[in-house]
Amino acid sequence: MALTESFLQELKYKTDIEDVISTYVTLKKRGATFVGLCPFHNEKTPSFTVYPDTQSFYCFGCGVGGDAVTFIRKIQNLDYMDAVKSLAERAGMQMPSEGFDDSLSKKRRRILDANRRAAKFYYERLMSDEGKNALSYFLNRGLTRKTITKFGLGYAPNGWDELLKFLKNEGFSISEMYEAGLVRKGEHGYYDYFRNRVMTPIIDIYGNVIAFGGRVLDDSKPKYINTSDTLAYKKTNEVFGLNFAKDSGRTSLILCEGYMDVIAMHQAGFTNAVAGCGTALTTEQISLINRYASEVILAYDADEAGQKALKRAIQMFKQTNIKIRVPKLQFGKDPDEIIKTVGAEKFAAMLEGAASDLEFKLLELRNSVAINTTQGKLDFINEAVKILADTSPVERDIYASRLSEELSVSKNSIVAQIDEYIKKNARSKRRTESRKIVSDSVRESAKIAYSSGSTTKKYKAEERLLFLLIKYPDCYKMLNDFSPDRLSDGFIRRLFDLVCDSIANAEGVEISSFSSKLTVDEMGRLSGLIARGRESADPKAEFPDCIKVISQEYEKKNGKGVSLMNDDEFRKAFKNT
């Protein structure tokens, strides 16, 4: 794809990465940079850094990095061209009408368009005579016609290829339907993926129909099927109902397990209810939730699977700054059933009385031991200390007082035991983290070096050479007879060629210059290479040293011994040594 250099330069000039990222991340100034909690993985301590001088970002926790385009690609799950368009619209710029290939972008838009038409088809079939049984299913579940329309619920008829024929008449090709996940290919040709099922469209925060969930009307298997990942949909990134919940006017979200729970709760007035897409909550979904809520109420099912998922969700949310509360659900196994059984008012009271995650853990612990016995009391205190150690000083003080009264144990004794546990755990944690940081760093370098057929020493020299080349482009003149073939295959060689071409053509070598040429993951590696690099006191002396190490390591593995080299080979091999 070839957007004009003048267009890209104007876009860079009109785009400030701090402004772009601050829409999604709360940033705090730290020296010449800005830091915040990474939106791409769970963390409590900010490792996400924005560099205004290079108009780039890098997360030292998960390795994501790049320029403003890369950030928009990652946060909105867009391809390069759509991300550029998003930034251009933000900057009040018109995209050029010619001179670039946006086939991937067009393909994604066609998938969204096909999904939108399919949703209309399913809804119309639900409201037709053919969909009477499906409509009765929804009505018997207590949904009103208004709710059915609001969520765009529908019915996929039992025919082999009814949607296929409809979309074909609407101008869509079989390949477009297939890429949207609406049809499948069998021994006898293509057929509708969803048949004889009630349909729930999945809508993203921008109002696009990106996927569908289908449920059978009888006891046939599988009971539920969902759209697989497509260019427009990645289930690990999406939260069902957030398109409505984000406009509820509330700072909290109610997270439950199923689509029907969300729909029933919205109908009952709980318009901040959402559910994760897929079978398990993901870090990407938590990052998305974090953009729209400061508190999450975990209203998971009361069965064994739901409680297991609840505990996992608590642990995942504990890695963020989102406040979490857990209600004690009664009179039903899930929110939908509870609302039907006792009404919205009593369900609201359960949510209002939801315990913090700390209270929930202590309550679970209390129910698991016999605190009326001496041993049970000791077991409870020993485990409670571990829970309270992971809280703020104020919370520790409050709960230590409560436990003291409840168990008739001196508060000072409880506090002393907590302090001792914290000190002991901190020492162990520091040792573990220190070993992990060193181990991860060595392992990652060794892994990358091994995958590229290199040594760790050579790979580090290659990274340093690239850093110096980008930071001090004059070093390019010292390459002379250096052969790029000595570099590791893959990312290193690819980036070296791109940097050298840019310098040779008098083009920029800032991070944003490579955004259209590297993948999102490669942009992260490039940003990490720059972020971890240190300024050089004497780049003209250091650069040849890098070449020397690379050449020597290359020769150790691939080169001839000195005694077997001819004069030209000898001079070339050791010209920079």
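How do the residues of the lining of the largest cavity divide into nonpolar, polar and charged? The structure is a predicted model, in which local features need pLDDT of at least 70, side-chain atom pairs count only at pLDDT 80 or more, and totals for chains, interfaces and linings use all residues. Residues are numbered from 1 along each chain as its sequence is written, and side-chain values use heavy atoms, with hydrogens and water left out.

Two cavities of 30 Å³ or more were counted, a cavity being a set of points on a 1 Å grid over the protein atoms alone where a 1.4 Å probe fits but cannot get out. Volume refers to the space filled by probe spheres set on the points, which are joined across faces, edges and corners. The largest cavity has a volume of about 50 Å³. Its lining (residues with an atom within 4 Å of a point) consists of Leu37, Cys38, His41, Asn42, Glu43, Ile286, Ser287, Asn290 and Thr320. These residues divide into three nonpolar, five polar and one charged, where Ala, Val, Leu, Ile, Met, Phe, Trp, Tyr, Cys and Pro count as nonpolar, Asp, Glu, Lys and Arg as charged, and the others, Gly among them, as polar.

The second largest cavity holds about 40 Å³ of space and is lined by Phe151, Pro201, Ile202, Ile203, Phe240, Gly241, Asn243 and Phe244. Six of these lining residues are nonpolar, two are polar and none is charged. Strand S9 (197-203) and helix H10 (242-245) each contribute at least two lining residues, helices (H or I, at least four residues) and strands (E, at least two) being DSSP runs numbered from the N terminus. The largest share, three residues, belongs to S9.

How values were computed:
1 Å grid on protein atoms, 1.4 Å probe; cavity = no way out; pocket = protein on both sides within 12 Å on 5 of 7 lines; lining within 4 Å.
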